[in-house]
Amino acid sequence: QPWAKYVTTGLPYVSLKLALSLDGRIATRSGQSKWVTGPDARAKVHLLRSRSDGVAVGVGTAVADDPRLTVRDTPGDQPVRIVFDTNLRIPLDSRLVRTAKEVPVIVLSGPDSPPDLEAQLVDAGVLVAHIPLSTEGRLDMVTALRFLAQRGVVSLLVEGGAELAGSFLAGRMADALHAFIAPILLGPRGRLGAVDWAGPDTPQQAPRIASPAWELVGEDAYVHGRIVHPD
């Protein structure tokens, strides 16, 4: 499926990964998100990374969690690490930037990102790519995906956060979903849900997983499959 999409459209096959509570939250009211799911679920995520050409997060996740986005504790190649960062907010001392010369990092920024910050990122080994903005002022996703495909990213795993996942769903650019659901309740007050987007008007209009596969991964539920839209 990833290769078929790549050769017919020039775009990567996009898989969304979500780790959420029973009430659909990805962090506590104080912003703590480590760890919502258990070690078995996290090991499965590393397996998904090892099967992907690229793994992506939004800059909010890069700032809040300071992830490495590398494959650990499972065999496989390291995917290129990608940050959607319109205004170049990624910290220069983040683990992604500090390890950019060891495992490739691509930062997708807007056309007017600060040149001094860009120069420092490039010096650290980061590839900074300028992507035009959409009418909402966010990175144009189709252009971003086409750029990544041209860099050899056939399969892309999008790991967070809520705004980035919402952009992919709203634009109908997500092909598959991998959701890990922990048996905990985090409470909605003051925190975004797992996906930040306008959403459908009715349940019947909602995108859904076709023929979902359910399994237990440790104490967490794991559901995955291809995303389809009703129309």
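Please keep in mind that the model is predicted. I will start with the chain as a whole. There are seven helices and nine strands in it. Along the principal axes, the C-alpha trace spans about 45 × 40 × 35 Å. The radius of gyration is 17 Å, and for 231 residues a compact globule would have a value near 17 Å, so the chain agrees with that expectation.

Of the 231 residues, 46% count as buried. One more overall value concerns contacts. If we take contacts between residues at least 6 apart in sequence, 70% of them join residues at least 24 apart.

Next, the aromatic rings. How many aromatic pairs does the count come to? With ring centres required to lie within 6.5 Å, the count comes to three aromatic pairs. I will describe two, including the pair of Phe-84 and Phe-168. That pair is edge-to-face, with 6.0 Å from centre to centre and 85° between the planes. Phe-84 belongs to strand E3, residues 80-84, and Phe-168 to helix H7, residues 162-170. The two are 84 residues apart, and the pair links distant parts of the chain. Both Phe-84 and Phe-168 are buried.

The other pair I want to show is Phe-180 with Tyr-222. Why is this pair stacked? The ring centres of Phe-180 and Tyr-222 are 4.3 Å apart and the planes are at 0°, so the pair counts as stacked, the cut-off being under 30 degrees. Phe-180 sits in strand E7, residues 176-181, while Tyr-222 sits in strand E9, residues 220-228, so the pair ties together parts 42 residues apart in sequence. Phe-180 is buried, at a relative accessible area of 1%. Tyr-222 is buried as well, at 3%.

Let me go back to H7, the helix that holds Phe-168. Seven of the nine residues of H7 are buried, so this helix is largely enclosed by the rest of the structure. The buried ones are Ala-162, Leu-164, Ala-165, Gly-166, Ser-167, Phe-168 and Leu-169. What covers them? The cover over the buried residues of H7 includes strands E1, E2, E3, E6 and E9, along with helix H6. In residue numbers, E2 is 54-58, H6 is 141-150 and E6 is 155-160.

After H7 comes Arg-172, with a positive phi near 55°. Met-173 is in the loop between H7 and E7. Is Met-173 buried or exposed? Its relative accessibility is 15%, so Met-173 counts as buried, the limit being under 20%. Leaving out residues up to four places away in sequence, Met-173 touches Lys-5, Val-14, Met-141, Val-142, Leu-145, Ser-167 and Phe-168. Met-173 and Pro-12 are 161 residues apart in sequence, yet their C-alpha atoms are 9.5 Å apart in space.

Strand E1 was named as part of the cover over H7. E1 runs over residues 13-20, and Ser-15 is in it. Ser-15 counts as buried, at 11% relative accessibility. Setting aside neighbours within four places in sequence, Ser-15 is in contact with Leu-156, Leu-157, Val-158, Ala-176 and His-178.

Last, some backbone angles. Most residues other than glycine have a negative phi. Leu-88 is not a glycine, but has a positive phi of about 55°. Leu-88 is found in the loop between E3 and helix H4, which covers 95-98. With a relative accessible area of 5%, Leu-88 is buried. Ser-211, also not a glycine, has a positive phi of about 50°. Ser-211 lies in strand E8, residues 208-217. At 71% relative accessibility, Ser-211 counts as exposed, whereas Leu-88 is buried.

That is the end of the talk.

Note on methods:
Residues are numbered from 1 along each chain as its sequence is written. This is a predicted model: local features need pLDDT of at least 70, side-chain atom pairs count only at pLDDT 80 or more; totals for chains, interfaces and linings use all residues. Side-chain values use heavy atoms; hydrogens and water are left out. Rings of Phe, Tyr and Trp (its six-membered ring) pair if their centres lie within 6.5 Å; planes under 30 degrees apart count as stacked, over 60 as edge-to-face and the rest as tilted. Helices (H or I, at least four residues) and strands (E, at least two) are DSSP runs, numbered from the N terminus. Buried means under 20% relative accessible area, exposed over 50%, partly exposed in between (1.4 Å probe, protein chains only). The radius of gyration is taken over C-alpha atoms; the globule rule is 2.2 Å times the number of residues to the power 0.38. Contact means heavy atoms within 4.5 Å.
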